[in-house]
Amino acid sequence: MNYVELTAAIEDYTENTFTSAELATFVQNAEQRVYNAIQFAALRKNVTGVCTASNKYLACPSDFLSVYSMAVISNGEYFYLLDKDVNFIRQAYPDPNAKGLPRYYALFGSRLNDPNELTFILGPSPDASYGAELHYFYYPESIVTAGTSWLGDNYDPVLLYGALREAYIYMRGEPDMIQNIEAKYQEAIMQAKRLGDGLER
């Protein structure tokens, strides 16, 4: 299902006409809910970089959603880091001059005010330059701007019912209609979760 088909279906199901901005909002809200609920293997990326000596921070990709795995590479050998909280790393390595092969990572910062503020903090700080490899789940380009998307091509019911849910809430629809759409959305999200958690892997 492409974006034109999706928006036509939303207006057909609701028997209503919306502005292009309203339709885009319904669809983007639905996409975001789905991508935050399910980790599809097809929506995973891999990037490599370098941890520089004495610098405990590592840049976060701009389309980052969540970590699948992170490793540092020393002499061709991969050392997978454990996900911890910033507080744990600060407590475990209170001396900012403590250095070694990183063993832990945590998300540090926020994208609330600045998209570039979100980084990873490593513990301990690297004692040398190491290669780094991050496997992560990402936000793909929205079907609104791309015209098509992986979700629209591979499991469109969750996208359709998610967008319909948003549209009915916006319309202040009848509670029983909202309940029916919510039930269809929950059914679709469970099937999509089964795809993402099991069948696709």
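Guide: Let us begin with α1 and helix α2 (residues 20–37), which pack at an angle of about 100° with their axes 11 Å apart. Helices here are DSSP runs of H or I with at least four residues, strands are runs of E with at least two, and both are numbered from the N terminus. The axes are lines fitted to C-alpha atoms, for helices over the stretch in contact, and the angles run from 0 to 180 degrees between N-to-C directions.

Visitor: What is the word for how α1 and α2 lie to each other?

Guide: They are roughly perpendicular to each other, because angles of 65 to 115 degrees count as roughly perpendicular, under 35 as roughly parallel, over 145 as roughly antiparallel and the rest as oblique.

Visitor: And which residues make the contact between α1 and α2?

Guide: On α1 the residues are Tyr-3, Leu-6, Thr-7, Ile-10 and Glu-11, and on α2 they are Ser-20, Leu-23, Ala-24 and Val-27, where contact means heavy atoms within 4.5 Å. By class this contact has 6 nonpolar, 2 polar and 1 charged residues; Ala, Val, Leu, Ile, Met, Phe, Trp, Tyr, Cys and Pro count as nonpolar, Asp, Glu, Lys and Arg as charged, and the others, Gly among them, as polar.

Visitor: Before we go on, what sort of model is this?

Guide: This is a predicted model, in which local features need pLDDT of at least 70 and side-chain atom pairs count only at pLDDT 80 or more, while totals for chains, interfaces and linings use all residues. Residues are numbered from 1 along each chain as its sequence is written, and side-chain values use heavy atoms, with hydrogens and water left out.

Visitor: Okay, how does α1 meet α6?

Guide: The axes of helix α1 (residues 3–14) and helix α6 (residues 156–170) come within 10 Å and cross at roughly 50°, and α1 and α6 are therefore oblique to each other. The contact is made by Leu-6, Ala-9, Ile-10, Tyr-13 and Thr-14 of α1, together with Leu-159, Leu-160, Tyr-161, Ala-163, Leu-164, Ala-167 and Tyr-168 of α6. Sorted by class, the contact of α1 with α6 has 11 nonpolar, 1 polar and no charged residues.

Visitor: What about α2 with α6, at what angle do they pack?

Guide: They pack at an angle of about 125°, with their axes 8 Å apart, and that makes α2 oblique to α6. Among the residues in this contact are Phe-26, Ala-30 and Val-34 of α2, and Val-158, Gly-162 and Glu-166 of α6. The residues of the contact of α2 with α6 divide into 9 nonpolar, 2 polar and 5 charged.

Visitor: Is α6 mostly covered or mostly open?

Guide: α6 is mostly covered, since 11 of its 15 residues are buried, buried being under 20% relative accessible area, exposed over 50% and partly exposed in between, with a 1.4 Å probe and protein chains only. The buried residues of α6 include Leu-159, Gly-162, Arg-165 and Glu-166.

Visitor: How far apart are the end C-alpha atoms of α6?

Guide: They are 21 Å apart, which agrees with the 21 Å that its 15 residues should span at 1.5 Å a residue; the expected span is 1.5 Å times one less than the number of residues.

Visitor: What comes just after α6?

Guide: Just after α6, Arg-172 takes a positive phi of about 55°, and Arg-172 lies in the loop between α6 and α7 (175–199). At 75% relative accessibility, Arg-172 counts as exposed.

Visitor: Switching topic, where does Leu-151 sit, and what does Leu-151 touch?

Guide: Leu-151 is in helix α5 (residues 150–154), and at 0% relative accessibility Leu-151 counts as buried. Not counting residues up to four places away in sequence, Leu-151 touches Val-34, Tyr-35, Phe-40, Asp-156, Val-158 and Leu-159.

Visitor: And what is the phi of Ser-54?

Guide: Ser-54 has a positive phi of about 70° although it is not a glycine, and Ser-54 is found in the loop between β1 (44–51) and β2 (57–59). At 48% relative accessibility, Ser-54 counts as partly exposed.

Visitor: One last thing, which residues does the cis peptide bond join?

Guide: The cis peptide bond joins Gly-123 and Pro-124, with omega about -5°, and Pro-124 is in the loop between β8 (119–123) and β9 (125–126).
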